[in-house]
Amino acid sequence: MDDLASLCKRRGFIFQSSEIYGGLNGFWDYGPLGCELKRNVRNAWWQDMVQTREDVVGLDCSIIMHPRVWEASGHIGGFADPMVDCRACKKRYRADQLCEEQGQALIKREDGSLALPEGIVCTACKSKELTEPRAFNLMFKTFVGPVEDASAVAYLRPETAQGIFAQFGNVLATARQKIPFGIAQIGKAFRNEINPRNYTFRSREFEQMELEFFVKPGADAEWHAYWVAERLKWYASIGLPAASLTQYVYTQKELAHYASACTDIMYAFPFGVQELEGIAARGDFDLSRHQQFSGKSMEYFDPETNEKFLPHVIEPSGGVDRIALALLCNAYAEEWVPKQGPAIPAERGKQAPEGYEARTVMRFAPRIAPIKVAVFPLLKNKPELVARARAIFGQLQRHWICFYDTAGAIGRRYRRQDEAGTPFCLTIDFQTLEDGTLTLRHRDSMQQERIHEKELLAHLSGLIDAW
Ligand code: GAP
């Protein structure tokens, strides 16, 4: 993780938020490469979940909504984590995580209150002087308008899902969709996590991609299975190999009282196997709660059967930042490259052997690589080469994020693009001026081929846009 975090900083994927002021725990900024990576994750999701389907429409809700939304959803009453403090050194922990780290489980008493098991100590100072676990609500509070009193309290949304439920009626009335159909939303969510950790994995500000797919009551199991399979296919399409993913199927005991099924898609991060996305069958819980709290009907009228009913919902809910982190972990590779022939994986902590050169390469799938193509004139002081390279660059920029580089030997320019994860590099040389061909270099195999300028766009499109 340290090597990856250092590459992310060095190459401009991820920076600590407000770094010049010492940073702010749980908040991150995405640099030029990171913001392209995240944009590609969002676009891939939107393409597959909305654009290429007829049964899903998009929505973009405000981050701050009426506080009653969060009463109805249960977030004001129940969206809390158990927190303990060390009386000796004042360090604060999430009680369940602290117990888990010490091989124990938090005790749930019959009256619902929580207690630490015997033997739990403060990780930092080893003191046993820990407070009783107490519930800490994770929603960020703010005030709307100039008066900071109780009537002005509002919350930053802790999930995007509730906006979709609250607008269900308006979408239904305008989108000309019939059940089964879905509403998709991508946007920021905020949780005042007690213990943000594992780099960007658990942050206080993050982005969610959520689909609420409304189905006829009774069709829940079938549609839940469908969405688990669809989502696994999607992860393959962005380059996360099936072998790196697992499914965690909730037992009856683990499910929320209203849910009939939940499957988490898990990725094997360097810090453990952790959730990327949850796919839950939530019944009619959300719509019925909003119907109850708002007094507005959330029922669907089925024109075929003349029946009115509250739809049930299947909710695939993923996090852009977590998926981006999984993609970064998956892409990172250190290799030893011989003068001729294929590279071999580097051995950790060792120098490359005689005749080999070390390289770090980010093996992103072309679909999500931040920069798709880099364009190099062989020499920067030959105006004919520069003009030709610039013309090609200008043409390609209209289709993809490209990078133009004239600095240093070609080999060094290739290495820089390897670290950025750019799948294709083009070199314009003297032969280009004679016959219109140029060198296309592939990041993973490091193989080079000569192709004609006229075929360039179609050739690259086949490599980048096909998935
Ligand atoms: N509407 C359902 C919901 O919000 P969740 O499991 O709490 O479910 C869904 O969140 C996804 O949002 C998670 O799978 C994860 O990818 C992302 N997520 C949740 N909390 C996060 C955090 N603190 N930092 C980064 N991503 C987070």
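## Aromatic rings

Phe165, Phe168, Phe181 and Phe214 make up one aromatic cluster. This is a predicted model, where local features need pLDDT of at least 70, side-chain atom pairs count only at pLDDT 80 or more, and totals for chains, interfaces and linings use all residues. Residues are numbered from 1 along each chain as its sequence is written, and side-chain values use heavy atoms, with hydrogens and water left out.

**Exercise 1.** Classify the pair of tyrosine 226 and tryptophan 227.

*Solution.* 
- Rings of Phe, Tyr and Trp (its six-membered ring) pair if their centres lie within 6.5 Å; planes under 30 degrees apart are stacked, over 60 edge-to-face, the rest tilted.
- The centres of tyrosine 226 and tryptophan 227 are 5.1 Å apart, with 85 degrees between the planes.
- The pair is edge-to-face.

**Exercise 2.** Classify the pair of tyrosine 258 and phenylalanine 285, then say which parts it ties together.

*Solution.* 
- The centre-to-centre distance is 4.0 Å and the planes are 15 degrees apart, a stacked pair.
- Tyrosine 258 lies in the loop between β13 (245–249) and β14 (261–269), and phenylalanine 285 in helix α9 (residues 285–294), so the pair ties together parts 27 residues apart in sequence. Helices (H or I, at least four residues) and strands (E, at least two) are DSSP runs, numbered from the N terminus.

**Exercise 3.** Is phenylalanine 285 buried or exposed?

*Solution.* 
- Buried means under 20% relative accessible area, exposed over 50%, partly exposed in between (1.4 Å probe, protein chains only).
- Phenylalanine 285 has 14%, so this residue is buried.
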